[in-house]
Number of protein chains: 2
Amino acid sequence: MAIVTRMPLGQDYASQECSIARALEVVGERWTLLVVRDCFFGVRRFSDFQRRLGIPRAVLSSRLADLVEAEVLERVEERPGRPDYALTGRGRDLWPVVHALYSWGEEHATPLPGRRGFRHAVCDVELDTRGQCPTCGELPGPGGIAMVPGPALRSGPNDDRASRALAAPHRLLEPLLP
Amino acid sequence: MAIVTRMPLGQDYASQECSIARALEVVGERWTLLVVRDCFFGVRRFSDFQRRLGIPRAVLSSRLADLVEAEVLERVEERPGRPDYALTGRGRDLWPVVHALYSWGEEHATPLPGRRGFRHAVCDVELDTRGQCPTCGELPGPGGIAMVPGPALRSGPNDDRASRALAAPHRLLEPLLP
């Protein structure tokens, strides 16, 4: 397991031993959790991340390299010489963080809730705010969850192929596009 | 409800309507979630945050002001003319985010797990990684959770009064110190 040794939160930071602080040292960089989010959505290709996020290529390169170094992502070579990116087991364990941010944002931070929903695939029912299936009581992992477009979804300013593909229901973690 | 209108993640950000991105616009700034963490722990006073986090006063002032503006924190005047800070209902709803980061950090990002545990107060049993009580199956909110020091807890470089108080079991949200 790679323990990230950089301490971007501050050298003398008393709480650097705190697990919350250590987690933020790995995923608290600007854009990092949005890259991870897109990985859950099945985005794998550099150009697709780049168009979805609209950030400079150098920033995206740096974030992806950091996430690979931290063993949150791994490079997968589906096309010769052109690495794609996928979540490792360690990265997939970030699902509760991403879902908790989603739930909080839906309730408290967006003027437009209902763009997407997350459903327990087996029961075909929307997860509650804690990520629990109201039918069976399970707290499914991302492999058991389908993301479905909601009534508030509308096309954004970036009409890229990955965002278009995400207008259809999609099982988390499954590659979104060839 | 205050919708934060600044868009620090980028003006042309295609996913700005995404609830995850919107949540990060409120709590994704460096240090912000560590301030929120300390509020769950019952820290309320500017000087205690400052000593716990070891960040410049101006940075802390800015983070606190942003969190008050976003209605995640509110100022409470327990001492005349000297505001303290406490989580609003909206802020308390961030507990699943903080706990998910804690769980991931414990498993994947710290060389020293077991500094603190979170227990369902009613059942007096440690919550699982998803924040669920293994005894009763409940997903308690922070008001029903006790933080307890774990075997790996040791005093850090900053021997401040709030960190010392946190070496004893403490119910989340309850003011830590007078």
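In chain B, strand S3 (residues 116-120) and strand S5 (residues 145-149) run antiparallel and are joined by five bridges. Strands here are DSSP E runs of at least two residues, and helices are H or I runs of at least four, numbered from the N terminus; two strands pair if DSSP finds at least two bridges between them. Within this pairing, B:Arg116 stands opposite B:Pro149 in S5(B). S5(B) also pairs in the antiparallel sense with strand S6 (residues 170-171) of chain B, over two bridges, and there B:Ala146 has B:Arg171 in S6(B) as its bridge partner.

This is a predicted model, in which local features need pLDDT of at least 70 and side-chain atom pairs count only at pLDDT 80 or more, while totals for chains, interfaces and linings use all residues. Residues are numbered from 1 along each chain as its sequence is written, with chains lettered from A and ligands numbered from 1 in the order in which they are written.

Turning to chain A, an automatic or database domain assignment gives domain 1 (14-90) and domain 2 (101-171). Their C-alpha centres lie 20 Å apart. Eight residues from domain 1 of chain A and nine residues from domain 2 of chain A make up the contact, defined by C-beta atoms, placed from the backbone, within 7 Å. On the domain 1 side, helix H3 (residues 46-53) of chain A gives the most, with three residues.

Finally, leaving aside neighbours within four places in sequence, B:Val98 is in contact with A:Ile20, B:Leu33, B:Val36, B:Arg37 and B:Phe40.

Methods
Contact = placed C-beta atoms within 7 Å.
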